[in-house]
Amino acid sequence: MRLYLDTADSDEIRQAVAWGVCDGVTTNPSLFAKVSGSAGSYKERVQEIAGIVDGPISAECVSRTADALVEEAREIASWHPNVVVKIPIDAAGLEAISRVSAAGIQVNTTLIFSANQALLAANAGAAYVSPFIGRLDDIGQDGVTLVAEIVEMLDRYHLPTQVIAASVRHTQHVTACASVGAHIATLPFPVLASMLQHPLTDKGIATFLADWDRAQAQQRSGAESVAR
Ligand code: G3P
């Protein structure tokens with residue numbers, strides 16, 4: 001499973017790229033709002049991100065009619081060759097997904113909450129569908145089960161659309177999405193950083209370092225005895 005960062009924060013992206021585990025980035029208006037004080041325009045921030053990570057970068061359309069979405073998608077796609085346009089799934093969105101995909105622009109269909117929405121987006125030609133798993137968990141449904149259903153459905157009908165598990169809230173979500181075959185999970189930076197951590201790793205490193213120091217001290221004292 002490939003890992004994307006779900007952020008508009010360039011420092012977080014630089015760190016994930018340095019770790020070698022950032023295959024792409026997803027952004028949305030809410031994530032841009034978090035950094036907008038220091039970010040310049042949305043276009044400038046997306047282009048900055050494109051200079052940091054060599055992979056797909058999703059940038060969201062906010063228009064509300066099909067014609068306006070198509071025009072906005074064409075504009076956003078022109079910002080950088082790696083830009084994927086994000087379009088929410090509704091009636092206007094579905095028409096826009098169909099027209100934009102037919103024009104060769106990659107679409108990430110966002111705000112997916114059912115397998116049927118994913119099927120419509122895939123049949124309309126979307127390159128990606130993004131089920132929001134944490135928000136489903138929030139209302140008492142199982143987000144990972146939806147990811148599993150969509151993965152199986154796309155696989156059964158040989159649809160090339162890829163599943164991006166989004167609204168990921170914790171490390172268990174990541175493991176579960178990988179287990180059910182999500183192609184990609186897009187993670188808030190703290191979730192990515194948490195994947196690194198285990199208390200037994202920290203304890204093991206401390207023990208190795210202490211034993212190394214002890215071994216060095218023993219060697220020094222052995223060498224001193226021989227010299228005497
Ligand atoms: O990628 C979608 C994500 O940004 C939404 O996450 O935590 O607001 O549901 P959340």
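**Notebook: the ligand site**

I looked up Asn28 and found a polar side-chain atom of this residue 3.1 Å from an oxygen atom of the ligand, a polar contact being a pair of N or O atoms within 3.5 Å. The model is predicted, so that local features need pLDDT of at least 70 and side-chain atom pairs count only at pLDDT 80 or more, while totals for chains, interfaces and linings use all residues. Residues are numbered from 1 along each chain as its sequence is written, and side-chain values use heavy atoms, with hydrogens and water left out.

An N or O atom in the side chain of Arg135 is 2.7 Å from an oxygen atom of the ligand. For Arg169, an N or O side-chain atom lies 2.9 Å from a ligand oxygen atom. The ligand has 310 Å² of accessible area on its own, and the protein covers 79% of this area (Shrake-Rupley method, 1.4 Å probe).

I listed the residues around the ligand (a heavy atom within 4 Å): Asp6, Asn28, Phe132, Arg135, Ala166, Ser167 and Arg169. This shell holds three charged, two polar and two nonpolar residues; Asp, Glu, Lys and Arg count as charged, Ala, Val, Leu, Ile, Met, Phe, Trp, Tyr, Cys and Pro as nonpolar, and the others, Gly among them, as polar.

Finally, I checked the domains, whose bounds come from an automatic or database assignment. The protein chain is assigned domain 1 (2-197) and domain 2 (201-228). Their centres, taken over C-alpha atoms, are 50 Å apart.

Notes. A polar contact is a pair of N or O atoms within 3.5 Å; within protein, one must be able to donate a hydrogen and the other to accept it, and residues adjacent in sequence count only if both atoms are side-chain atoms.
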